[in-house]
Amino acid sequence: MPNVFNIQNFSTGDGRGIRTTVFMGGCNLHCPWCHNPECFNNKEQVSLEDIMKKVLHDKDFYEASGGGVTISGGEPLLRFKEFIEIAEKVKEKGINLTVDTALTVKIPDFDKLTSLVDTFLVDLKTADSEKLKYVIGGNFETYIANVKELKKRNAEVIFRIPLIPDFNTDEKDIREIAKIINEFGFPASFHPFHRMGSSKYTKLGLNYLYKDVPLLKNGEVKAIKELYFSLGVKEAEV
């Protein structure tokens, strides 16, 4: 059975329209601002039957709003076989499928993946390979190779850029990230840092490293986005 730690109905922030988000356990990264720390040690397994019961509960809303199902995490593609099992059931019911992924894992079958997924929400946290490796724990070469494979297969990709103070919001970072976006020609969505998951760290007995990092002000977010737009980045319609 798939390792799933939450199923959230009526989600409006994980792709187009009204969606149900299935959160799969496990992640190969360790982002210090992570808002789903419960993914790391999740032991809960949920049957495909129970997953689909929750998914189908809101099918009318998907159809009315242009929504569907998003599989997120953690890193859902880390458990590729389990991900495919869920994806196949979702697509059997004619439901739009989105995956939210950091794309820093080896993908065993891109053809299978792209045949099932309608939209890829791909995190783009940094263009600095050293930051990706030592702060987050990802491999930049793997990431770029995976994006190239999606591009080759004409997949619909939206880069999701978390705006993290003191990590990727200065002009140098923005210009480097914009260069990657423009290289592939995909649109982007912007997600300012928040601390809404901080209470989870307390419950889990974990230290939240970003508890004292100030939130970006509205004017700062606006300026960051305007710089991206001036560099040719297009904002995604989600």
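The crossing of α1 and α3 is right-handed. This description, like those that follow, refers to a predicted model. Helix α1 comprises residues 48-57 and helix α3 residues 80-92; their axes approach within 11 Å and cross at roughly 45°. On the α1 side, the contact is formed by Leu48, Ile51 and Met52, which meet Glu85, Ile86, Lys89 and Val90 of α3. By class, the residues of this contact comprise five nonpolar and two charged, with no polar residue.

Helix α6 (residues 140-152) packs with helix α7 (residues 171-184) at an angle of about 30°, and their axes lie 11 Å apart. Here the angle makes α6 roughly parallel to α7, since angles under 35 degrees are counted in that way. From α6, the residues Phe140, Ile144, Val147, Lys148 and Lys151 take part in the contact, and they meet Ile180, Glu183 and Phe184 in α7. The contact of α6 with α7 divides into five nonpolar and three charged residues, and no polar residue is present.

The structure holds one cavity of 30 Å³ or more, and about 70 Å³ of space lies in the largest cavity. Six of the lining residues are nonpolar, two are polar and two are charged.

The open space remains to be considered. The largest pocket holds about 950 Å³ of space. Its lining is made up of 36 residues, and those nearest the pocket centre are His35, Asn36, Asp100, Arg160 and His194. Strands β1 (4-11), β4 (97-101), β6 (157-163) and β7 (188-192) are the elements that give two or more residues to this lining. Among the elements, β1 gives the most, with four residues. In terms of class, the pocket lining has 15 nonpolar, 13 polar and eight charged residues.

Conventions. Residues are numbered from 1 along each chain as its sequence is written. This is a predicted model: local features need pLDDT of at least 70, side-chain atom pairs count only at pLDDT 80 or more; totals for chains, interfaces and linings use all residues. Side-chain values use heavy atoms; hydrogens and water are left out. On a 1 Å grid over the protein atoms alone, a cavity is a set of points where a 1.4 Å probe fits but cannot get out, and a pocket is an open set with protein on both sides within 12 Å along at least five of seven lines; lining residues have an atom within 4 Å of a point. Grid points are joined across faces, edges and corners, and a volume is the space filled by probe spheres set on the points. Ala, Val, Leu, Ile, Met, Phe, Trp, Tyr, Cys and Pro count as nonpolar, Asp, Glu, Lys and Arg as charged, and the others, Gly among them, as polar. Axes are lines fitted to C-alpha atoms, for helices over the stretch in contact, and angles run from 0 to 180 degrees between N-to-C directions. Angles under 35 degrees count as roughly parallel, over 145 as roughly antiparallel, 65 to 115 as roughly perpendicular and the rest as oblique. Contact means heavy atoms within 4.5 Å. A crossing is left-handed if the near helix is turned anticlockwise from the far one by less than a right angle, and right-handed if clockwise.
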